[in-house]
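Work through the exercises below with the coordinates open. Try each task before reading its solution.

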Protein chains: 2
Amino acid sequence: IAKQHHNELTKKLDAMHPADIAYILEALPPDDRLLVWDLVRAERDGEILLEVSDAVRESLIDAMEPKELVAAVEQLDADELADLAPDLPTEVMQDVFSSLDHEEREQLRAAMSYPEDSVGALMDFDMVTVREDVTLEVVLRYLRRFDELPDHTDQIFVVDRDDKLRGALSLNTLLVNDVEVEVASVMQDHQLVLHADDSAESAAQAFERYDLVSAPVIDHHDQLIGRLTVNEVMDFIREQSEEELLAQAGLREEEDIFAPIMDSVKNRWAWLAINLVTAFFASRVIGAFEGSIEKLVALAALMPIVAGIGGNSGNQTITMIVRAIALGQIQPEAARRLYRKEMGVALINGIVWGGLLGLLACWLYDSWALGMVMTGAMTLNLLLAAFVGVSVPMLMARYGRDPAVGSSVLITAVTDSGGFFIFLGLATLFLL
Amino acid sequence: IAKQHHNELTKKLDAMHPADIAYILEALPPDDRLLVWDLVRAERDGEILLEVSDAVRESLIDAMEPKELVAAVEQLDADELADLAPDLPTEVMQDVFSSLDHEEREQLRAAMSYPEDSVGALMDFDMVTVREDVTLEVVLRYLRRFDELPDHTDQIFVVDRDDKLRGALSLNTLLVNDVEVEVASVMQDHQLVLHADDSAESAAQAFERYDLVSAPVIDHHDQLIGRLTVNEVMDFIREQSEEELLAQAGLREEEDIFAPIMDSVKNRWAWLAINLVTAFFASRVIGAFEGSIEKLVALAALMPIVAGIGGNSGNQTITMIVRAIALGQIQPEAARRLYRKEMGVALINGIVWGGLLGLLACWLYDSWALGMVMTGAMTLNLLLAAFVGVSVPMLMARYGRDPAVGSSVLITAVTDSGGFFIFLGLATLFLL
């Protein structure tokens, strides 16, 4: 009975899109996952490995024999192989490499030579090119010789004898124009051209801004070497925003939700360690004021409010600035304006919320002075948060660092320690 | 001299892509922004309004006369008009509406009737359809009568007399096949079809999963009414991930970085108010233990560490679970497994980091008992964080709420108050 069940499942899997199989594999716990993986036809393994997340891919590759792996990935194009290469055992890659023909080998070498977040790493090599001195009629006849055009072919590229890019002929243009005209007279020659070592980020922005489906990629000699397509760009955008969300929560990388406990611990450790250090530092700031707290224990209860609200407000500022920097909306000249605005917001929030909390503190502990210290400390800490919230990402951007990384940890550290120091300091000065 | 300068600028703007002009407008402070906006040719205003962010769009629309606005948006397609409609003054929309022909009016009405995050709200109406009983030759001749095909036409749709969708003919198929064959024999009839009231989110997932450039959209009578294209999907994905990032920091919506201070205050207020409430509650938890703190003031310095690390760890768990739910990786059966795993991670972190901090506390305050309480409290608070970090998003998902909204506030509230309660409670029990 188990066998019949297996046969049915195999049939179902055969009929499914590789991306759907990948989706199912992601959702299965490890044992079931490997069971289903075994039922997938071997020649489809390669395309499915491309679709699954890094964490799940690792678990599948670990379960495969080197021979199986070689068979699976041999089916792939050079650019796809390059994506998988970092996860494959060296001996598998060597076997695959020696099975490729000269052109594919060169392509694989090229694709692997580009850094991870460059256009070169995302492009594919599969495209149609024509010469500019032929008629559309000739182009149409040429295309009819293909079994099928490469995916996402919305334009074919026009090159000269040296493979230098001369322009592009969109299928749109090809289809609406008279077949007698020459390519040269209808091709687009002012279109967006990417360089293989352009950053993927800037390419993605161009795709979004100009609503592209594909774009030609050239090398240093202006020779056409590949093509970037919108599906790769969309994957890149999704991955990037995922990474940002994970990084904000202090996860080093995406996690297979069924990963062994120790893998998860490692994935989350760096962040906890950093937070431990900053929390310990904040704790020592409080420690310095133990005498004051002993005399007025209400301070202990009120101080986390000052620190917490400061942290939240600072994170709002920093998120907004980081995003604006990423979108290129902030020019250096704008800095003063931003400081003024953020400090203004902080001042209003400090007076309103700080005032409210001051009243509460005053009512709870029956002390006007304590209320005033509370309001003052909240306002100052919010101003500190605003100042640091603008400065940190602006400085990081100026020194060429990614302002999204670590900004949030830094601001929380400042507003915690700063908040405790300001509140306990003011209290020591004015209340004791 | 200013005039000459203006003329030059006008020429430059004329030569620019609307998306590039939008980009420049975003980066300019309000006064300069309106100056440049005045120089843009009036007939381009509409397409630029479509490209700018909501916040900037508002500022531009506010600066325009109703007559200018009508002239600007009349140029747009029905689906684009529908995107702008919520931001336009009612009298402008009425004028525009009465200037449309019957078909456009119906399209506009349809587009505006779909909820914001549905396929219907993102689709466009511009597409090419053919009948299945004609040859490719006829199709090619038909296409040649167009001045240009709609953007992102990678396939043309095959419909019957009643506009019911029969299949699709990709340009790829059209170009590689013999011109003599009939559409019916080469068209794809098992392709992805969207319903106008499908969620945009699920459509976006389908586009990513199957690498689509366009997909047909049908209504309840299976009639083809429009088409969703990859550029709309990409914009949707980008907006969604932006919103998620902003929401995590407690920003209600994207902010024009040059917005007036009061606008920013309002945008950030809701979140600060919620945090104030949770912080105040945590403060009252501490207040309940004031007697203990008075006797052992070291507690005041150590308690924020317990609360802080719990919050960080809980946010890691919740981010991972929310993401896995969004990707559909979590089945209800998996819950027990996840609890076990997350509690395991928490236990290890608690013993290791809690142990380390216990040693530090013991060394600082020269009290083994205090160190043990510290370790115990950290471990318990991490376990609490793990439990709540799994439960909250799972429960929210079960009751059909978006688990990404508010999860982070909730977990921080729990780990703060919980952390203070556990630590001060243990200390009161064992140390005093």
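The exercises cover symmetry, domains, nonpolar cores and backbone angles in this predicted model.

**Exercise 1.** Determine how chain A is related to chain B.

*Solution.* Superposing chain A on chain B takes a rotation of 180° with 0.0 Å of shift along the axis, at an RMSD of 0.1 Å. The two copies are therefore related as by a two-fold rotation axis. Now check the contact surface. Of the contact residues of chain A, 99% recur in chain B, and the same surface serves both copies.

**Exercise 2.** Find the domain bounds of chain A, then the distance between the C-alpha centres of domain 1 and domain 3.

*Solution.* The assignment for chain A gives domain 1 as 2-116, domain 2 as 129-248 and domain 3 as 261-431. The C-alpha centres of domains 1 and 3 of chain A are 48 Å apart.

**Exercise 3.** Which residues touch the most other members of the largest nonpolar core?

*Solution.* This core has 109 residues. Take Leu228(A) and skip neighbours within four places in sequence: its contacts include Val119(A), Met123(A), Phe207(A) and Val233(A). A second, separate core has 72 residues, among them Leu299(A) and Leu299(B).

**Exercise 4.** Is Asp366(B) buried or exposed? Locate it and give its phi.

*Solution.* Asp366(B) sits in the loop between helix H19 (335-365) and helix H20 (368-398) of chain B. Its phi is positive, about 55°, although Asp366(B) is not a glycine. The relative accessible area is 73%, over the 50% cut-off, so Asp366(B) is exposed.

Technical notes: Residues are numbered from 1 along each chain as its sequence is written. Chains are lettered from A and ligands numbered from 1 in the order in which they are written. This is a predicted model: local features need pLDDT of at least 70, side-chain atom pairs count only at pLDDT 80 or more; totals for chains, interfaces and linings use all residues. Side-chain values use heavy atoms; hydrogens and water are left out. A nonpolar core is a set of buried Ala, Val, Leu, Ile, Met, Phe, Trp, Tyr and Cys residues joined through side-chain atoms within 4.5 Å. Buried means under 20% relative accessible area, exposed over 50%, partly exposed in between (1.4 Å probe, protein chains only). Contact means heavy atoms within 4.5 Å. Domain bounds come from an automatic or database domain assignment. Copies are superposed by least squares on the C-alpha atoms of residues with pLDDT of at least 70 in both. Helices (H or I, at least four residues) and strands (E, at least two) are DSSP runs, numbered from the N terminus.
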